[in-house]
Amino acid sequence: MAFVGYLITQKSSDLVKKNLSHVNKFSRNFQQKRGIFNIKASGNQPGDDISSSLNESDIEARKIREEAERRRQEEERIRMKKQMKIDRLNAIPEDAEAGTVEEFMYKDGVKDILEQLDNDLVGLVPVKSRVKEIAALLVVDKLRRNLGLDTGVPSLHMCFTGAPGTGKTTVAMRMGQILQRMGYSRSGHLVVATRDDLVGQYVGHTAPKTKEVIKKAMGGVLLIDEAYYLYNASNDRDYGQESIEILLNVMEENREDLVVVLAGYKDRMDKFFSFIPGMSSRVGNHIEFPNYEPEELLQIAKVMCRDLEYELSPDAEPVFFEYIKKRMTMSYFSNARTVRNAVDRARMRAAIRLFNKATDKSSDGMVSRLELMTLEKSDFVSVEELTARGENAIVE
């Protein structure tokens, strides 16, 4: 019996040990899982830092490889493009013809515009020569393009300096038409702006105004008259600086779709460029507009009359000539604008003269075609009348 009891006891002991082993193993697993759960819940799992670092390292390495591959492809593209140009140039015979200059001048209408500029503007020989030089550059650029030679859009931003009434707006308009005919601008239209059109009166107002004007001028020419008023050196908080920064960016980024022309007096424009060197470096063409001579102003008056279908009588020419010479020595003289005002006043006087004559009781009321087209000497302001008004008279 004792032996049997011993066997039972031994089996029981083995069973208990086995069960205890399972319990301990379960307990260890439970504790381990609970620890992992707690660590995950707290976000401080030791393996996460290592895994995250490895992932970041993989991502960074992949980005480096992708960037290197992108650079390699870009270099290969540039190399192939250059090689294609070389092959194309080698295939062109040395005696190949791209066309004649006259052909492009006539076909694109550039010659007509230059002739119109000659008719519209009296004198200004240096200005017309500079415009023709720019037109020549554009024509030759198109000839090169016809042969597949490398071409780049030249800097066409300009600065026009000179006194009021010297033809700056007219030249800007004709320049826009030339650029449009040559394919360097979409429409070639002209937008004229001043500081009031570009600069706002309060914070946040300038950028929308400037961008709106630029939007209207896109595809053509933006002429900023008296551009130096955009910068106020005595006021660091002036809103004009914001407008200048926007213009600088557009002149660089959109130079193929917008030509900016800055206009004003030469000394003030030079000072403006000294304050804004970034503007000066973006303007590749500086054209100075000289003041007109009295003989040229008389010729301008005749052109204006011709366009309005008027004629100066032989007696009227010397009266106007003496008037314009006196007017040039007085304040508020504006070259061709002063001439236009004088012609308009002569038309008004002629209308009053003809009206009074036709309504006179001794008249038959008839007015001839010649009378309607002729400006007499009495229609123009004489030197005596001008002197009587005083040296600072504003009225023409």
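The paragraphs below go through this predicted model from its overall make-up to single residues. Local features are given only where pLDDT is at least 70 and side-chain atom pairs only at pLDDT 80 or more, while totals for chains, interfaces and linings use all residues. Residues are numbered from 1 along each chain as its sequence is written, and side-chain values use heavy atoms, with hydrogens and water left out.

The protein chain has 16 helices and 7 strands; these are DSSP runs numbered from the N terminus, with helices being H or I of at least four residues and strands E of at least two. Of its 396 residues, 33% count as buried. Buried means under 20% relative accessible area, exposed over 50%, and partly exposed in between, with a 1.4 Å probe and protein chains only. Among contacts (heavy atoms within 4.5 Å) with a separation of 6 or more, 75% join residues 24 or more positions apart.

In soluble globular proteins, nonpolar side chains tend to be buried together. A nonpolar core is taken here as a set of buried Ala, Val, Leu, Ile, Met, Phe, Trp, Tyr and Cys residues joined through side-chain atoms within 4.5 Å. The largest such core has 58 residues, and Phe 160, Ile 178, Phe 320 and Val 339 have the most contacts inside it. A second, separate core of 30 residues includes Val 191, Ala 207, Leu 230 and Val 283. Leaving aside residues up to four places away in sequence, Phe 160 touches, among others, Lys 168, Val 171, Leu 262, Ile 287 and Phe 289.

Helix H10 (residues 266-275) has Met 269, Phe 272 and Phe 273 buried. They lie on the same side of H10 because they cover an arc of only 95° around the axis, the arc being that of the directions from the helix axis to the C-beta atoms. The buried residues of H10 pack against strands S1 (158-162), S4 (259-264) and S5 (285-289) and helices H9 (240-253) and H11 (277-282). Asp 267, Lys 271 and Ser 274 are exposed on the face turned away from the buried side.

Helix H4 (residues 110-120) packs with helix H5 (residues 125-146) at an angle of about 175°, with the axes 11 Å apart. Axes are lines fitted to C-alpha atoms, for helices over the stretch in contact, and angles run from 0 to 180 degrees between N-to-C directions. H4 and H5 are therefore roughly antiparallel, a term for angles over 145 degrees. In this contact Val 110, Leu 114, Leu 117 and Asp 118 of H4 meet Lys 128, Val 131, Lys 132 and Ala 135 of H5.

H4 also packs with helix H6 (residues 168-181), at an angle of about 170° and with the axes 9 Å apart. That makes H4 roughly antiparallel to H6. The H4 residues that meet H6 include Val 110, Ile 113 and Leu 117, and those of H6 include Val 171, Arg 174 and Ile 178.

Some loop residues remain. Gly 200, between helix H7 (195-198) and helix H8 (206-217), counts as buried because its relative accessibility is 5%. Gly 200 touches His 205, Thr 206, Lys 209 and Tyr 239, not counting residues up to four places away in sequence. Gly 200 and Tyr 239 are 39 residues apart in sequence and 6.8 Å apart in space, C-alpha to C-alpha.

Most residues other than glycine have a negative phi. Glu 226, however, has a positive phi near 50°, and Tyr 332 has a positive phi near 65°. Glu 226 is in the loop between strand S3 (221-225) and H9 and is partly exposed at 31% relative accessibility. Tyr 332 is in the loop between helix H13 (316-327) and helix H14 (336-359) and counts as exposed at 51%.

Notes: Parallel < 35°, antiparallel > 145°, perpendicular 65-115°, else oblique.
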